[in-house]
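This report describes the fold of a single model, going from its helices and sheet to its core and backbone exceptions.

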Amino acid sequence: MQKSVAVIIDVQPFSDMPTEQTTYVFTELKKIYPSVELKTAIPLPEEAYYPARNRYRADSLLNFLSAQTKSNHVVIALTSKDISCTNETYADWGIIGYGFCPGNACVVSTFRLDKNNVFEQLFKASIHELGHTQGLDHCPDKTCFMRDAEGKNTTNEEKDFCPKCKAFLTSKGWLFKK
Ligand SMILES: [Zn+2]
Ligand SMILES: [Zn+2]
(Lines give C-alpha, C1' and ligand atoms only; values in the text may rest on other atoms or scores of the structure.)
(Ligands and ions follow the chains in the order given, each with its own letter.)
Protein backbone atom coordinates (compact mmCIF):
# COMPACT_ATOMS: atom_id res chain seq x y z
CA MET A 1 0.00 0.00 0.00
CA GLN A 2 1.30 3.45 -0.87
CA LYS A 3 2.09 5.66 2.10
CA SER A 4 0.19 8.92 1.77
CA VAL A 5 1.17 12.25 3.33
CA ALA A 6 -0.18 12.55 6.86
CA VAL A 7 -2.68 15.30 7.47
CA ILE A 8 -2.61 17.43 10.59
CA ILE A 9 -5.18 16.61 13.26
CA ASP A 10 -6.63 19.67 15.02
CA VAL A 11 -8.03 18.96 18.49
CA GLN A 12 -10.76 21.58 18.82
CA PRO A 13 -12.55 21.91 22.16
CA PHE A 14 -15.83 23.76 22.42
CA SER A 15 -15.81 26.18 25.34
CA ASP A 16 -17.93 23.92 27.60
CA MET A 17 -15.29 21.18 27.51
CA PRO A 18 -13.14 20.60 30.65
CA THR A 19 -9.52 21.44 29.78
CA GLU A 20 -8.08 18.29 31.37
CA GLN A 21 -10.24 16.05 29.13
CA THR A 22 -9.20 17.92 26.00
CA THR A 23 -5.55 17.75 27.05
CA TYR A 24 -5.87 14.01 27.62
CA VAL A 25 -7.17 13.41 24.08
CA PHE A 26 -4.40 15.61 22.67
CA THR A 27 -1.65 13.87 24.67
CA GLU A 28 -2.84 10.33 23.88
CA LEU A 29 -3.34 11.13 20.20
CA LYS A 30 0.21 12.44 19.92
CA LYS A 31 1.47 8.98 20.92
CA ILE A 32 -0.06 7.36 17.83
CA TYR A 33 -0.14 10.18 15.30
CA PRO A 34 2.78 12.39 14.21
CA SER A 35 1.10 15.78 13.76
CA VAL A 36 -1.53 16.92 16.23
CA GLU A 37 -2.36 20.52 17.12
CA LEU A 38 -4.30 21.70 20.17
CA LYS A 39 -6.65 24.57 19.34
CA THR A 40 -8.08 27.28 21.59
CA ALA A 41 -11.66 26.63 22.68
CA ILE A 42 -14.47 28.14 20.60
CA PRO A 43 -18.18 28.58 21.40
CA LEU A 44 -20.66 26.03 20.12
CA PRO A 45 -22.34 27.44 16.98
CA GLU A 46 -25.87 28.61 17.74
CA GLU A 47 -27.17 27.36 14.39
CA ALA A 48 -26.53 23.76 15.51
CA TYR A 49 -28.65 24.06 18.66
CA TYR A 50 -31.86 22.03 18.77
CA PRO A 51 -33.90 23.56 21.63
CA ALA A 52 -36.68 20.92 21.59
CA ARG A 53 -34.23 18.38 23.02
CA ASN A 54 -31.55 20.72 24.39
CA ARG A 55 -29.02 19.16 22.02
CA TYR A 56 -26.69 20.15 19.25
CA ARG A 57 -27.18 18.66 15.80
CA ALA A 58 -24.04 16.75 14.88
CA ASP A 59 -24.49 17.24 11.13
CA SER A 60 -24.66 21.03 11.62
CA LEU A 61 -21.57 20.88 13.85
CA LEU A 62 -19.65 18.98 11.18
CA ASN A 63 -20.62 21.48 8.49
CA PHE A 64 -19.57 24.36 10.78
CA LEU A 65 -16.23 22.70 11.57
CA SER A 66 -15.55 21.53 8.05
CA ALA A 67 -15.96 25.04 6.65
CA GLN A 68 -13.25 26.49 8.89
CA THR A 69 -10.78 23.61 8.72
CA LYS A 70 -7.66 24.36 6.70
CA SER A 71 -6.78 22.13 3.78
CA ASN A 72 -4.63 19.16 4.77
CA HIS A 73 -6.13 19.29 8.28
CA VAL A 74 -8.75 17.13 9.97
CA VAL A 75 -10.59 18.47 13.01
CA ILE A 76 -11.83 16.51 16.00
CA ALA A 77 -14.17 18.68 18.06
CA LEU A 78 -15.01 17.88 21.68
CA THR A 79 -18.02 18.88 23.75
CA SER A 80 -19.77 17.92 26.97
CA LYS A 81 -23.17 18.82 25.46
CA ASP A 82 -25.49 16.19 24.03
CA ILE A 83 -25.32 15.77 20.26
CA SER A 84 -27.70 14.04 17.86
CA CYS A 85 -28.28 12.96 14.30
CA THR A 86 -31.13 11.53 12.23
CA ASN A 87 -31.15 7.77 11.72
CA GLU A 88 -33.52 5.35 9.93
CA THR A 89 -35.96 5.30 12.86
CA TYR A 90 -35.58 8.57 14.73
CA ALA A 91 -35.52 12.16 13.53
CA ASP A 92 -33.31 13.17 16.46
CA TRP A 93 -31.22 10.43 18.02
CA GLY A 94 -28.63 11.13 20.74
CA ILE A 95 -25.13 9.91 19.90
CA ILE A 96 -21.59 9.85 21.29
CA GLY A 97 -19.79 10.83 18.12
CA TYR A 98 -20.21 11.63 14.46
CA GLY A 99 -17.74 11.99 11.63
CA PHE A 100 -17.48 12.38 7.89
CA CYS A 101 -16.40 9.14 6.21
CA PRO A 102 -14.10 10.16 4.70
CA GLY A 103 -13.80 13.88 5.41
CA ASN A 104 -12.14 16.63 7.40
CA ALA A 105 -14.32 16.83 10.51
CA CYS A 106 -15.68 14.77 13.38
CA VAL A 107 -17.16 15.53 16.79
CA VAL A 108 -17.34 13.62 20.08
CA SER A 109 -19.55 14.33 23.09
CA THR A 110 -18.89 13.14 26.65
CA PHE A 111 -22.60 13.47 27.51
CA ARG A 112 -23.38 9.74 27.00
CA LEU A 113 -20.09 8.40 28.35
CA ASP A 114 -19.67 6.60 31.66
CA LYS A 115 -18.71 9.34 34.10
CA ASN A 116 -16.44 6.92 36.02
CA ASN A 117 -14.40 6.14 32.92
CA VAL A 118 -14.80 9.27 30.88
CA PHE A 119 -11.15 9.83 29.88
CA GLU A 120 -10.61 6.38 28.38
CA GLN A 121 -14.03 6.31 26.70
CA LEU A 122 -13.55 9.80 25.30
CA PHE A 123 -10.27 8.80 23.73
CA LYS A 124 -11.69 5.58 22.24
CA ALA A 125 -14.68 7.47 20.83
CA SER A 126 -12.32 10.11 19.42
CA ILE A 127 -10.11 7.68 17.52
CA HIS A 128 -13.22 5.86 16.26
CA GLU A 129 -14.52 9.10 14.70
CA LEU A 130 -11.07 10.03 13.42
CA GLY A 131 -10.94 6.56 11.83
CA HIS A 132 -14.10 7.48 9.91
CA THR A 133 -12.53 10.72 8.68
CA GLN A 134 -9.62 8.67 7.34
CA GLY A 135 -12.08 6.53 5.38
CA LEU A 136 -12.57 3.56 7.72
CA ASP A 137 -16.05 2.06 7.88
CA HIS A 138 -17.41 0.08 10.81
CA CYS A 139 -15.58 -3.15 11.62
CA PRO A 140 -17.15 -6.56 12.40
CA ASP A 141 -14.49 -7.23 15.10
CA LYS A 142 -16.26 -6.56 18.43
CA THR A 143 -12.99 -5.62 20.19
CA CYS A 144 -11.95 -3.17 17.45
CA PHE A 145 -12.24 0.59 18.05
CA MET A 146 -14.12 0.76 14.73
CA ARG A 147 -16.98 -1.54 15.76
CA ASP A 148 -20.51 -0.25 15.22
CA ALA A 149 -21.81 0.76 18.65
CA GLU A 150 -25.39 0.41 17.31
CA GLY A 151 -26.69 3.16 19.55
CA LYS A 152 -24.99 1.91 22.71
CA ASN A 153 -21.72 2.72 24.44
CA THR A 154 -19.50 -0.27 23.67
CA THR A 155 -16.16 1.38 24.38
CA ASN A 156 -15.40 -0.85 27.41
CA GLU A 157 -15.40 -3.91 25.12
CA GLU A 158 -13.06 -2.26 22.61
CA LYS A 159 -9.39 -3.09 23.13
CA ASP A 160 -7.50 -1.84 20.08
CA PHE A 161 -7.78 -1.35 16.34
CA CYS A 162 -7.88 -4.82 14.73
CA PRO A 163 -4.93 -5.68 12.42
CA LYS A 164 -6.93 -4.76 9.31
CA CYS A 165 -7.98 -1.30 10.57
CA LYS A 166 -4.49 -0.74 11.96
CA ALA A 167 -2.92 -1.52 8.58
CA PHE A 168 -5.30 0.91 6.89
CA LEU A 169 -4.47 3.71 9.35
CA THR A 170 -0.74 2.95 9.12
CA SER A 171 -1.02 3.62 5.39
CA LYS A 172 -2.46 7.03 6.35
CA GLY A 173 0.53 7.89 8.54
CA TRP A 174 -0.61 6.58 11.92
CA LEU A 175 2.17 5.24 14.13
CA PHE A 176 1.29 2.08 16.03
CA LYS A 177 3.77 0.24 18.20
CA LYS A 178 3.79 -3.47 17.57
ZN1 LIG B 1 -18.88 4.92 13.75
ZN1 LIG C 1 -11.24 -3.21 12.82
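A residue is called buried here if 20 or more other C-beta atoms lie within 10 Å of its own, and exposed if 12 or fewer do. The model is predicted.

By that cut-off, Cys165, Phe168 and Leu169 of helix 4 are buried. These residues lie on the same side of helix 4, because the arc they cover around its axis is only 95°. An α-helix has 3.6 residues a turn, so residues three or four places apart point the same way. The buried residues of helix 4 pack against helix 3. After helix 4 comes Gly173, which has a positive phi near 100°.

The sheet is open and has five strands in the order 2-1-5-9-8, with mixed pairing. Strand 2 (36-38) and strand 8 form the edges, each pairing on one side only. On average, and ignoring direction, neighbouring strands of the sheet are turned by 15° against each other. Helix 1, residues 19-32, packs on this sheet and touches strand 1, strand 2 and strand 5. The direction of helix 1 makes about 170° with that of strand 1. Helix 3 lies across strand 1, strand 5, strand 8 and strand 9, and runs at about 160° to strand 9.

Strand 5 pairs in the parallel sense with strand 1, over six bridges. The pairing of strand 5 with strand 9 is also parallel, over five bridges. Leu78 of strand 5 stands opposite Pro13, and the bridge partner of Leu78 in strand 9 is Val108. Thr79 stands opposite Ser109 in strand 9. Strand 5 is mostly covered, with six of its seven residues buried.

The largest nonpolar core has 41 residues. Those with the most contacts inside it are Leu61, Leu65, Ile76, Ala77, Val107 and Cys165. At least two residues of this core come from each of strand 1 (8-13), helix 2 (58-68), strand 5 (73-79), strand 9 (105-109), helix 3 (118-134) and helix 4 (163-171). Which residues does Leu65 contact, leaving aside its neighbours within four places in sequence? They are Gln12, Val75, Ala77, Ala105 and Val107.

| Residue | Phi | Place |

Are Asn54 and Glu150 buried or exposed? Asn54 counts as exposed because it has 9 C-beta neighbours inside 10 Å. Glu150 has 7 such neighbours inside 10 Å and therefore also counts as exposed.

One further backbone feature is the cis peptide bond from Cys101 to Pro102, with omega near -5°. Pro102 is found in the loop between strand 8 (97-99) and strand 9.

Key: Residues are numbered from 1 along each chain as its sequence is written. Chains are lettered from A and ligands numbered from 1 in the order in which they are written. This is a predicted model: local features need pLDDT of at least 70, side-chain atom pairs count only at pLDDT 80 or more; totals for chains, interfaces and linings use all residues. A nonpolar core is a set of buried Ala, Val, Leu, Ile, Met, Phe, Trp, Tyr and Cys residues joined through C-beta atoms within 7 Å. Helices (H or I, at least four residues) and strands (E, at least two) are DSSP runs, numbered from the N terminus. Two residues are in contact if their C-beta atoms, placed from the backbone, lie within 7 Å. Two strands pair if DSSP finds at least two bridges between them. Axes are lines fitted to C-alpha atoms, for helices over the stretch in contact, and angles run from 0 to 180 degrees between N-to-C directions. The arc is that of the directions from the helix axis to the C-beta atoms.
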